[in-house]
Amino acid sequence: MAKILMKGNEAIAEAAIRSGCRLYFAYPITPQSELIEYMARMMPKVNGTFLQAESEVSAINMVYGAAGCGKRVMTSSSSPGISLKAEGISYIAGAQLPCVIINVQRGGPGLGDIQPAQGDYFQATKGGGHGDYRLIVLAPSSVQEFADMASEAFDLADKYRTPVMILADGMLGQMMEPVEFKPTLTDEEIEKLGEQHTSWCIHPNQDGDLKHHHEINSLEIDPLVLEQHVINLYKKYAEIEKNEQRHEEYNISDDNEILCVAWGTASRVVKSAINELKAQGKSIGMIRPINVWPYPYEAVAKAIGPKVKKVYVFELNTGQMLDDVKIAVEGKVPVKFWGKVGGVVFTPAEIKEKLEECFKE
Amino acid sequence: MEKIAYRPESLTNTPFTYCPGCMHGVAHRLIAEAIDEQGLINVMAGVAPVGCSVFAYKFFNFDMAQAAHGRAPAVATGMKRARPNMHVFTYQGDGDLAAIGTAEIVHAANRGEHISVFFVNNAIYGMTGGQMAPTTLPNMKTTTSPYGRDTDDIGFPIRVCELLDTLVAPYYIERVSLLSTPDILKAKKAVSKAIQYNKEGRGFTFIEFVSTCPTNWGLDPVKSREWAKENMLPFFKPGIFRDKGEGAE
């Protein structure tokens, strides 16, 4: 298939439809408007449901209802809207429902601004809503990867019956890059995928079926029952941690003197700086977590080569993934951090300057 | 021997957890009977709220979802859109529907969402222990209006049927009372009509039940009904607000 030049917001919407998403509920917010608008245009063409909800809160609860019926369903928003969805995400995690949530992050806190930022890392990877749960969080760094993550996210959601978030940002949402889409699922394939949920989801009794009574629910009023439920969730999350860590290694070698760690949009800028320094004969590697939950702790630890004097974390926040890097590094080498905030994105020259200073230290 | 009293198939065998004299059991039964009578048990799905009827998902004998507080109409919307061949209803109390879930009910009604909503109004929060509801009457004492509802301070009770009746899309809106046997028989007719319209895919149907809360009102069940007749019915007048099916046959 030929590559198409597309905005990230449109590419993820198209990829979701191709991955079998036939229900989409959302509320308008910048900088993800192209996503909701694309869905409004395209969903009717595949006999899908597009519904502009009255609020983010309603949208995520519509997702809860549709996911409870075992269908591939998605919502999208940007930072302030994700906060509003947090309640529903907690319920979806508790009720163990599969769904995909897109966060095209913008500057915060509060209303913040509408420029790219990475300030929702804690919210996405450490909970976000109330209670003891995790989200699988995928963090793309290009429009192509953003689009590829649609089918991965739906597959993971189905496999583990858990909400999956794709944590992008305003840069990835707004920027245009060439995209090549994976093969489109047919209606029969989508129907078949839904069958894996028959044992628990809301669906009609067929003639001759044993009558079922399925409950989509996150309430367990008996503490001993809830305890077991949370333990079961924890076991599921442990399984996900074992199976689903993903990262990219860039220029990693035993000669590295500095190991950079960056994710999403920030990692692209760091790569450019590394390329420039490499041309000057300096040896720097980078680890880019692709899934930020589960976090690739071991991969980060392993990437610290024998000559690495410092680990340098770059983010578009005040240091959030930094905590996970410190957990991975276990104090073996100093960990430095530099970030830009408020929707301001650092340049390769700025990163290069920071790394040059680090070489001199 | 002819069986003249039986448990509807649309109710499970799980015993209700409601207080003595509570009308939730009656409302549940009316809905279950209507579903049985119209042969919908295999294609029915309901949404339970947060409130005293939070465990409704255990009581109705078909697939059920339990929703976050106030969000039942949104959850039902997602279910109906995902499974258009099923028939979906929500069951909600006054705090759930008329306070925290005001946006969800208004917009589900405004979309003409093809669901039925059963709204139980007893002018108080029951499960959390008798706090003021959006439907608490003027001067009525609750644990959070201990000196009586002061309308200058906190406004007047919300009449939900009247509010929804300002919208264009809803198909059927009726308020009924559960305060006497004749009223319950009338309520059954309204419930049956809502379920029938739902079955026929007519649009959004809404039934409000004027009910009681003996426990939190501090009255016995009989006195509760008398109090409600004297105080609630004048403010929450029973009647059909909207019936687009009337005369449309």
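These legends go with close-up views of a predicted model. Local features need pLDDT of at least 70 and side-chain atom pairs count only at pLDDT 80 or more, while totals for chains, interfaces and linings use all residues. Residues are numbered from 1 along each chain as its sequence is written, with chains lettered from A and ligands numbered from 1 in the order in which they are written.

**View 1. An open sheet in chain A.** Here are 7 strands in the order S3-S2-S4-S5-S7-S6-S13, with mixed pairing. Strands are DSSP runs (E, at least two residues) numbered from the N terminus, as are helices (H or I, at least four); two strands pair if DSSP finds at least two bridges between them. At the edges sit S3 (49–52) and S13 (291–293), each pairing on one side only.

**View 2. S2 meets S4 in chain A.** Strand S2 (residues 23–26) runs parallel to strand S4 (residues 73–77), with 2 bridges between them. In one of these, A:Leu23 partners A:Val73.

**View 3. The largest nonpolar core.** This one has 183 residues. A nonpolar core is a set of buried Ala, Val, Leu, Ile, Met, Phe, Trp, Tyr and Cys residues joined through C-beta atoms within 7 Å; buried means 20 or more other C-beta atoms within 10 Å of a residue's own, with C-beta atoms placed from the backbone. Helix H6 (residues 143–160) of chain A gives the largest share, 9 residues. Domain 1 (4–195) and domain 2 (248–360) of chain A both contribute, so the core lies between them; the bounds come from an automatic or database domain assignment.

**View 4. Helix H3 of chain B.** Spanning residues 72–82, H3 is mostly covered, with 11 of its 11 residues buried.

Conventions. A residue is buried if 20 or more other C-beta atoms lie within 10 Å of its own, exposed if 12 or fewer, and partly exposed in between; C-beta atoms are placed from the backbone.
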